[in-house]
Amino acid sequence: MTGAPVRTLLLWCPDWPVLAAEIADGVPATGPVAVLHANRVVACSAPARAAGVRRGLRRREAQGRCPTLTVVDHDPGRDARAFEPVVAAVEEVAAGVEVVRPGVCALAARGPARYLGGEEAAAERIIEQVAESCAVESQVGIADGVFAAGLAARTGQVVPPGGTPGFLAGLPVEAIGRPALADLLRRLGVRTLGEFAALPAGDVLARFGFDGALAHRLAAGHDHRPLAVRQPPVDLTVTAHHDEPLDRVDAAAFAARMLAERLHDRLAGHGLACTRLGIEAVTAHGQELHRVWRHDGLLTAAAIADRVRWQLDGWLSGSTGRAGARPPRPTAGIVRLRLVPDGLLAQGGLQPGLWGEAGEERDRAHRALSRVQGILGPEAVVTAVLGGGRSPADQTRLVPWGDERLPARPGPPPLPGVVEASPDAAGRAVTQPGGAGRGGPRRPGPVPPWPGRLPPPAPAVVLPVPLTATVHDVTGEPVLVSARLAVSAAPARLAVGGATPTEIVGWTGPWPVDERWWAPAEARRRARFQVCLADGAALLLAVEAGRWLVEAIYD
């Protein structure tokens with residue numbers, strides 16, 4: 001922690017979480033946009049700030065100030081992925097870049113300043129490079145140390161060498177980036193970084209602890225660590241150019257095998273293997289084709305070659321899809337083929353099965369399903385993933401074969417014997433054992449209790465579109481459910497659609513669900529019943545807006 005701080009050039013992209021949402025998800029950053037984490041605003045666009053939205057506001061207050069506000073969930077992974085091209089653009093001009101956080105990167109200013117004609121010229125050149133390569137606006141600050149350079153970037157300043165303490169002295173204590181410490185310093189009468197830096201270091205350590213002592217050094221213009229220069233990622237992609245366009249499956253298969261061996265050798269040379277493979281092709285007419293393949297194990301050379309061959313077969317043959325649909329065949333042969341490895345792991349990063357590698361039956365099934373996907377597309381083969389929710393339809397999500405099996409809503413179904421919350425007849429949350437056969441490995445971390453969830457057992461069939469029904473009492477009058485969940489009479493007969501009414505021999509309910517009442521466009525209020533019919537069928541019914549619906553069927 002000794003020695004003079006290094007002259008640092010720091011590039012800052014304002015409102016980066018908003019720009020990342022525009023780059024990754026197409027959210028227009030020119031309108032009022034707010035990025036929320038834990039129901040509070042962490043970043044917002046300039047139009048949103050003009051409407052009164054500020055960081056730290058709760059969602060409801062932000063939407064109250066700006067009714068047209070577009071809300072985006074905070075995603076650090078998205079921010080980091082979108083920032084990678086910006087860092088790569090900076091590395092084309094200067095080496096030794098450290099990513100401070102998504103939207104901010106820093107490097108030593110000495111090198112770029114020497115070969116670009118000064119610090120101001122280096123700052124202008126890097127800003128132009130980022131704008132031309134990534135179409136992203138940025139600001140650059142230069143000062144002694146990363147902390148001071150970050151504050152200088154807010155206004156695009158170049159602080160002269162040795163002038164960093166004077167530059168920091170006039171800034172408010174809030175610039176230190178520690179709200180609790182800044183509030184305490186304000187109450188003690190310390191209002192600027194210069195006043196804070198003038199305090200004796202020993203007294204600051206005794207009163208505010210190690211973090212306060214670190215902030216004291218930063219306020220005095222001393223960085224606590226050198227730049228952590230990142231190593232640029234190795235380009236592991238392989239590309240093959242073909243003078244003669246590939247328009248036959250056999251020729252494409254031969255090219256695929258050669259390219260797969262090159263990719264596997266390149267990965268092996270770095271001690272890596274991939275679990276996802278991007279296949280890109282360009283035809284002679286400029287048409288671009290792209291597909292990503294996933295695998296639950298390490299992709300070997302043969303596995304890579306198989307997937308490339310299957311994909312080229314699907315593209316070039318135009319095999320018949322579901323319901324007779326035929327995928328569009330490229331208008332010309334393939335002149336460029338590119339393989340992009342993703343999901344990189346160390347060669348020994350995946351553990352084999354208990355008795356060695358996966359069995360032959362499982363491997364054959366995986367190859368067959370992957371082949372179907374290559375011909376018909378990723379959505380042709382799907383598997384169900386169970387998650388959280390109050391109704392059976394909410395708890396199931398169909399995921400393409402090979403994709404990450406993540407539930408649509410947090411909270412996996414309960415394991416056998418696990419106590420969970422479920423509604424009683426009055427709609428109150430009560431506890432009861434979970435049903436057998438509905439479990440899955442419970443992930444660590446907090447799981448929403450989902451009050452109002454249906455009790456086990458789960459229905460065997462969940463209808464994609466609920467069927468309309470009518471329910472009558474013994475006198476033939478329609479059964480009604482009031483807003484206070486009062487049932488007008490005991491259900492006696494049920495008719496689904498135009499079918500003949502069937503006698504109800506048992507029923508339970510109502511179980512109310514009042515979801516998202518704070519969002520009128522998404523609000524939903526209904527009451528659910530379970531009924532047993534004289535023919536042995538058991539159904540899950542729901543009453544919504546005065547209409548009876550059949551949602552699911554029990555075994």
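In this predicted model, Glu-515 and Arg-526 meet through their side chains in a salt bridge, with 3.4 Å from N to O. The pair links distant parts of the chain, since Glu-515 belongs to strand β18 (residues 502-515) and Arg-526 to strand β19, eleven residues apart. Glu-515 counts as buried because its relative accessibility, 11%, falls under 20%, and Arg-526 is likewise buried, with a relative accessible area of 3%. Salt bridges that share partners extend this pair into one network of Glu-515, Arg-524, Arg-526, Glu-544 and Glu-551.

The strands that carry this pair belong to a barrel, which six strands close in the order β16-β17-β18-β19-β20-β21 with antiparallel pairing; neighbouring strands of this sheet are turned by 40 degrees against each other on average, direction ignored.

Elsewhere, Glu-280 forms a salt bridge with Arg-338, their closest N and O atoms lying 2.9 Å apart. Glu-280 lies in strand β9 (residues 272-283) and Arg-338 in strand β11 (residues 334-346), so this pair ties together parts that are 58 residues apart in sequence. Glu-280, at 25% relative accessibility, counts as partly exposed, as does Arg-338 at 29%.

Terms used: Residues are numbered from 1 along each chain as its sequence is written. This is a predicted model: local features need pLDDT of at least 70, side-chain atom pairs count only at pLDDT 80 or more; totals for chains, interfaces and linings use all residues. Side-chain values use heavy atoms; hydrogens and water are left out. Two strands pair if DSSP finds at least two bridges between them. Helices (H or I, at least four residues) and strands (E, at least two) are DSSP runs, numbered from the N terminus. Axes are lines fitted to C-alpha atoms, for helices over the stretch in contact, and angles run from 0 to 180 degrees between N-to-C directions. A salt bridge is a side-chain nitrogen of Lys or Arg within 4 Å of a carboxyl oxygen of Asp or Glu. Buried means under 20% relative accessible area, exposed over 50%, partly exposed in between (1.4 Å probe, protein chains only).
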